[in-house]
Amino acid sequence: MRKFLILIVLLGIGAGAAWFHAGGAEGPMLVLAGPETAIGQTGELDLAIETPRGKLASLEVALEQNGTRFPVFDLADDAAQLEQDGEHRLVLKRAIGKREFPELEAGAARIVVTASRPVLFGYREATATLEHDIEVRLRPPQIAVYSTHHYINHGGSEMVVYRVQPADAQSGVRVGDREYAGFPASGAGIENADPALRVAFFALLWNQDVNTPIEVFARDELGNEARTTFDYRVFPKSFRKSRIQVDDRFLAKVVPSILAQSTEFKVDDPSDLLASYLRINRDLRRQNDATIAALARETAPQILWQGPFKQLINTAVEAGFADQRTYVYKGEDIDHQTHLGFDLASTAAAPVLAANHGRVLFAGWLGIYGNCVILDHGMGLQSLYAHLSSISVAVGDSVAINQQLGRSGTTGLAVGDHLHFTILLGGNPVTPIDWWSPQWVQDRILRKLREAGAAG
Ligand SMILES: [Zn+2]
């Protein structure tokens, strides 16, 4: 009996010591990777919690400002949103901008994290807290448009010169749901340009409404956004309608060769030439256009071209930009597509020349475009040369205006020997008529750059 009592007392002392010891155990380790200094309309909490086997008893995160507490996270409610990142590590990511907490005001705020982990088989908890001061910044970037007289041909291009502050804000022109990036004006040949001065080329696409809203936008890294309109006029254009006769001879010429070279593109029955042709004209066309749009992002931040673009010499225009084409087979309408380029024909295997100075972005097989070259002219502007019989440049080459890129041909979706020529802006086809016109280039672009340079 006495021995038993001693055992009880000893166990009691041991438990007390363990209890006491557990009380001194360290809480989870809290590491706040973001936000570092500020949040705005947007902001992301990026919190790592290190605790043995990822076990937590509690975790609360809040934003505090002027005595108000905005709960951000509570383990009791949202346990599923904690990500396990290794055996002993948890990660919590949460949007914490003004969009999520509309009552936040500009000024100082604090992130407060309290976390505890179970110790002594869950009988006690070890707690840690973290406090981090941040600033809520809600002032949007400032935009001032400098250029004047913006005239946009429907399906065509334009350019705007503006100033944005802070200079590192992301900015450009938004046309409906399309965004065109602005670039530092120093890349447009304006000497000693203020770093805040920007140049943006933009387009009103052939398939956008003539009343599509056009504005300059700027947003900083905290999601604060500013937008401003500027004076512009849109000139409506009518696009031609044409009918293309598709016959068995044509199908036999184009379909097998396109399928043989576009190895990533599959049709159900390659021997069904008409069905394969329709898939090529719709789906392969869409894939190829996605490739072209992706290449747009590789544009140089400087203007590489000089003066008006050159239309290939001694060529007749066989098809124009945004011609609405109806494809007819044995008297029946089988398809509609828009022709987003110019078809220029001269003699067979005629030398195809660079329309302006640039750099080769693409040189090779591109589905319906056959053997194709795409040149980058900088600041989102590119030119495309399709259906070539041969290519004499390679990706990365710098080319000068009138330098030979290859020879014309009938590769891809082409009937007779011709050059299919397209100008692209931000990956979207625009009419080359603007860019071929010395007066347009002078008045729409060079004049504005001169005026911006003179204004300093
Ligand atoms: Zn064409």
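Asn192 is found in the loop between β14 and β15, where helices (H or I, at least four residues) and strands (E, at least two) are DSSP runs numbered from the N terminus. The model is a predicted one, in which local features need pLDDT of at least 70 and side-chain atom pairs count only at pLDDT 80 or more, while totals for chains, interfaces and linings use all residues. Residues are numbered from 1 along each chain as its sequence is written, and side-chain values use heavy atoms, with hydrogens and water left out.

**Backbone features**

- Phi of Asn192 is near 50°, a positive value in a residue other than glycine, and at 76% relative accessibility Asn192 counts as exposed (buried means under 20% relative accessible area, exposed over 50%, and partly exposed in between, with a 1.4 Å probe and protein chains only).
- His149, in the loop between β10 (142-145) and β11 (150-153), also has a positive phi, near 55°, and is partly exposed, with a relative accessible area of 43%.
- The peptide bond from Gly34 to Pro35 is cis, with omega near 0°, and Pro35 lies in the loop between β1 (29-34) and β2 (38-39).
- A cis peptide bond also joins Gln165 and Pro166, with omega about 0°, and Pro166 sits in the loop between β12 (157-165) and β13.
- As background, most residues other than glycine have a negative phi, and most peptide bonds are trans.

**Domains**

- The protein chain is divided into domain 1 (26-136), domain 2 (142-237 + 444-455) and domain 3 (241-430), with bounds that come from an automatic or database domain assignment.
- The C-alpha centres of domain 1 and domain 3 lie 54 Å apart.

**Nonpolar cores**

- The largest nonpolar core has 66 residues, and those with the most contacts inside it are Val199, Phe201, Phe202, Trp305, Tyr385, Trp435 and Leu449; a nonpolar core is a set of buried Ala, Val, Leu, Ile, Met, Phe, Trp, Tyr and Cys residues joined through side-chain atoms within 4.5 Å.
- Strand β15 (residues 197-203) gives the most to this core, with 6 residues, and the core draws at least three residues from each of domain 2 and domain 3.
- Trp435 touches (contact means heavy atoms within 4.5 Å) a set of residues that includes Ser157, Phe201, Trp305, Pro308, Phe309 and Trp440, not counting residues up to four places away in sequence.
- A second, separate core of 30 residues includes Phe250, Leu259, Ile334 and Leu366.

**Pockets**

- About 860 Å³ of space lies in the largest pocket; on a 1 Å grid over the protein atoms alone, a pocket is an open set of points with protein on both sides within 12 Å along at least five of seven lines, a cavity is a set of points where a 1.4 Å probe fits but cannot get out, and lining residues have an atom within 4 Å of a point.
- Grid points are joined across faces, edges and corners, and a volume is the space filled by probe spheres set on the points.
- Of the 43 residues that line the largest pocket, the closest to its centre are Arg285, Thr338, His339, Leu340 and His420, and the largest share of the lining, 7 residues, comes from α4.
- By class, the lining of the largest pocket has 20 nonpolar, 13 polar and 10 charged residues, where Ala, Val, Leu, Ile, Met, Phe, Trp, Tyr, Cys and Pro count as nonpolar, Asp, Glu, Lys and Arg as charged, and the others, Gly among them, as polar.
- Domain 2 and domain 3 both give residues to the lining of the largest pocket, so this pocket lies between them.
- The second largest pocket holds about 340 Å³ of space, and of its 19 lining residues the closest to its centre are Glu179, Tyr180, Ala181, Arg297 and Gly426.
- Strand β14 supplies the largest share of the lining of the second largest pocket, 5 residues, and the lining divides into 9 nonpolar, 6 polar and 4 charged residues.
- The second largest pocket likewise lies between domain 2 and domain 3, because both give residues to its lining.

**Cavities**

- The structure holds 2 cavities of 30 Å³ or more.
- The largest cavity, with about 40 Å³ of space, is lined by Lys310, Gln311, Leu312, Ile313, Leu353, Ala354, Ala355 and Asn402.
- The second largest cavity, with about 30 Å³ of space, has a lining that includes Lys310, Leu344, Tyr385, Phe421 and Trp436.
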